[in-house]
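Here is a short briefing on one chain, grouped by topic. Please read it alongside the sequence and the coordinates.

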Amino acid sequence: MLFRRLILLILLYLFIAVNSFAQVLRDEVVIVKSEPSPHILQSLDDMARWLEDLREFEIKDHVLARKSGSHGSAFSFVTAGGERYFLTNYHVVSGAGNVSLEWQSLDDGNPFTIENCTVLYSDPFRDLALIALPEDADPPGKGLRIIQDSDVVKDGMEIWAAGYPGLISSPVWQLSNGIVSNQRAVIPELLREGRPYLIQHTSVVDPGSSGGPLMVREGDEYLVAGVNTLMANYRNNTFFSVSSGHMMDFIGESFDGEPAKESLESTLNGFVSLLSSESDDLQLSLYISDEFAGEMGWKLYIDRRRRMSFQDRDVWDSTIVLGRPLNGFKSFMAADLKKQVDQQPVSWEMNTLTDRETVIDLTTDNLSISTRWTYEQGRWKLTDYPLNLEEKDETEAAAEEAAKKDKRQAYNAGVGLTVGGAYSFGKFGADDPGFGSYHLGLEFLMIHNRSFGSSYVFSWDKYNLINKYEYDNTLKAFDPGVVGMNYYLNFFPTRLIKAHTIIPVIRAGAGVGVYLDGFFSDTNAEEATFIGHISGGCGLQVIPSGDKGVFSAIIEYRAVSSLFGFEDYTGGGSQVVIKLAYIFKR
């Protein structure tokens with residue numbers, strides 16, 4: 001009995017100790033919420049209107065959802081001077097206009113939030129950012145201690161990762177345990193300036209945990225060994241963190257103070273080296289200011305897109321619209337600069353220099369580009385270069401905006417001319433089918449949503465119908481002209497984010513027509529007839545690069561039958577119609 005009580009006491013002690021540690025960590029590890037800057041919000045609105053023009057309503061909603069911002073994790077530490085800051089990943093707060101920190105409570109569930117925090121310093125190369133609190137803030141916790149020497153971390157060492165990954169729709173606390181699987185993971189694709197290696201480990205880091213601490217235990221204290229940054233998508237239990245050594249380098253550089261001319265020269269040398277080489281756009285994009293990219297990236301892309309190949313459009317549409325827009329803007333601007341330079345050797349010359357801004361001339365054998373560089377959040381960043389956008393005065397810009405609005409409305413009620421041949425067969429199986437039928441129509445297209453649309457077609461049809469008494473001896477065709485009204489439901493089974501391209505369409509419909517000669521000839525009115533049909537078809541719609549309308553090519557099968565008799569002629573048969581249409585947007 002005594003032994004059992006002893007075991008229960010030990011278990012109770014361990015439970016209290018673990019939960020006490022969890023409570024302490026919750027005071028130090030917080031949720032970072034960032035809202036996009038005004039420039040990025042405007043670009044997202046412009047992107048959403050463009051997607052609406054393309055009938056990409058679901059993707060439009062996905063883009064607009066990004067306006068609410070995103071979240072990640074951060075942890076607190078105290079400098080030698082006693083000041084408390086929070087460290088997170090750069091990608092958590094990149095392009096942020098407003099940053100807040102949130103502490104979740106174990107008691108009543110009401111979070112404690114500090115608004116209007118400042119991204120004091122950021123380093124896109126190491127993927128680190130330093131957040132400062134407002135002067136009057138009084139946060140819980142005392143700050144975690146950071147390991148000064150990253151060599152303390154060894155393969156096989158037990159480690160802990162803390163953060164707030166998203167669960168369903170909200171960030172939720174997560175503390176996970178694992179081991180260091182590679183204390184110095186040197187992966188060429190992940191190497192960055194100031195970050196020659198990463199710590200690879202098995203402690204779970206889910207989306208939303210980025211920026212949280214990687215910790216080792218020393219007695220009852222947990223020390224920060226790194227910042228959780230990446231996860232491998234196609235490999236289990238593989239996560240990466242920036243080491244505490246690289247973290248301390250970043251913190252030290254951040255508090256050095258004023259920008260140095262040496263740091264500008266180092267930045268420019270690295271920039272022009274990448275600009276004139278075959279390096280990927282991602283590396284070069286890290287030199288571009290978030291604000292500059294957020295303000296001008298979408299405008300530049302739309303301007304350049306008209307002259308791209310279909311393949312390039314598909315790649316960049318996916319990168320910018322379906323990915324993280326700001327990252328896409330920066331990568332596209334980097335690619336645009338590389339295209340201008342065309343892998344020629346680049347030299348730079350300082351034009352003017354103030355404390356936090358300078359004009360740099362980039363020169364090749366046949367090109368000179370004037371660029372502006374600004375000292376932002378502790379680094380020199382590219383904040384302007386000649387974009388060479390198509391110039392428009394105020395009148396032209398207003399007319400273009402009005403045209404865009406009209407185009408969005410007109411696309412919901414397009415008009416087109418449908419012409420095509422027809423091939424009809426005798427109802428009772430004549431060996432020789434009738435030929436020479438045709439169909440003329442005027443089509444009104446109504447787009448309901450991304451997947452469905454309606455077509456209303458007013459048509460004039462000529463049919464070859466078979467004399468039901470004489471078809472077995474000789475083909476005697478009767479070809480009434482029929483005025484008809486047809487309705488089709490169009491289904492668009494797939495639609496990628498590809499403007500000005502090919503869209504498959506499936507349609508089903510029905511129609512009715514009247515043989516007018518029955519009313520206006522010398523025959524009795526009873527001989528007038530109505531002809532009806534049901535049909536199904538498939539085809540393609542092509543949006544041309546001019547974006548003025550839609551080409552449509554449909555192969556349609558019709559089952560035709562007269563609703564009343566033609567005396568000696570049957571009103572039935574089959575018909576195959578090839579419809580070619582151009583549907584205007586206005």
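Phe255 is partly exposed, because its relative accessible area of 35% falls between the 20% and 50% limits. The model is predicted.

**Tyr85 and Phe255**
- The ring centres of Tyr85 and Phe255 lie 5.2 Å apart. Their planes meet at 55°, so the pair counts as tilted.

**Other aromatic pairs**
- A pair of aromatic rings is described by the distance of the centres and the angle of the planes.
- The count of aromatic pairs comes to 18.
- One of them joins Trp50 and Trp298, with ring centres 5.4 Å apart. The planes stand at 70°, so this pair is edge-to-face.
- Trp50 lies in helix 2 (residues 38–53) and Trp298 in helix 8 (residues 290–305). The two are 248 residues apart, and their pair links distant parts of the chain.
- Trp50 counts as buried at 14% relative accessibility, because the limit for buried is under 20%. Trp298 is buried too, with a relative accessible area of 4%.
- Ring pairs also build a cluster from Trp50, Trp298, Tyr301, Trp316, Phe329 and Phe332.

**A charge over a ring**
- The charged end of Arg507 sits over the ring of Tyr488. The distance to the ring centre is 4.3 Å.

**Helix 2 against helix 8**
- The axes of helix 2 and helix 8 are 7 Å apart, and the helices pack at an angle of about 25°. Helix 2 is therefore roughly parallel to helix 8.
- Helix 2 contributes His39, Ile40, Ser43, Asp46, Met47 and Trp50 to the contact. From helix 8 come Glu291, Gly294, Glu295, Trp298, Ile302 and Arg305.
- By residue class, the contact of helix 2 with helix 8 has five nonpolar, three polar and four charged members.

**Helix 6 against helix 10**
- Helix 6 (residues 261–275) and helix 10 (residues 325–341) have axes that come within 10 Å. The axes cross at roughly 70°. That angle lies in the 65 to 115 range, so helix 6 is roughly perpendicular to helix 10.
- Phe271, Leu274 and Leu275 of helix 6 touch Leu337, Lys338 and Val341 of helix 10.
- The contact of helix 6 with helix 10 involves five nonpolar residues, no polar ones and one charged residue.

**Around Leu230**
- Where is Leu230 found? It is part of strand 13 (residues 221–231).
- Leu230 is partly exposed, with a relative accessible area of 27%.
- Neighbours within four places in sequence aside, Leu230 is in contact with Leu190, Leu198, Phe239 and Phe240.
- The C-alpha atoms of Leu230 and Val205 are separated by 7.8 Å. Along the chain, these residues are 25 apart.

**Whole chain**
- The chain has 12 helices and 28 strands.
- Of its 586 residues, 47% count as buried.
- Among contacts with a separation of 6 or more, 64% come from residues 24 or more positions apart.

Terms used:
Residues are numbered from 1 along each chain as its sequence is written. This is a predicted model: local features need pLDDT of at least 70, side-chain atom pairs count only at pLDDT 80 or more; totals for chains, interfaces and linings use all residues. Side-chain values use heavy atoms; hydrogens and water are left out. Axes are lines fitted to C-alpha atoms, for helices over the stretch in contact, and angles run from 0 to 180 degrees between N-to-C directions. Helices (H or I, at least four residues) and strands (E, at least two) are DSSP runs, numbered from the N terminus. Angles under 35 degrees count as roughly parallel, over 145 as roughly antiparallel, 65 to 115 as roughly perpendicular and the rest as oblique. Contact means heavy atoms within 4.5 Å. Ala, Val, Leu, Ile, Met, Phe, Trp, Tyr, Cys and Pro count as nonpolar, Asp, Glu, Lys and Arg as charged, and the others, Gly among them, as polar. Rings of Phe, Tyr and Trp (its six-membered ring) pair if their centres lie within 6.5 Å; planes under 30 degrees apart count as stacked, over 60 as edge-to-face and the rest as tilted. Buried means under 20% relative accessible area, exposed over 50%, partly exposed in between (1.4 Å probe, protein chains only). A charge sits over a ring if NZ of Lys or CZ of Arg is within 6 Å of the ring centre and within 35 degrees of the ring normal.
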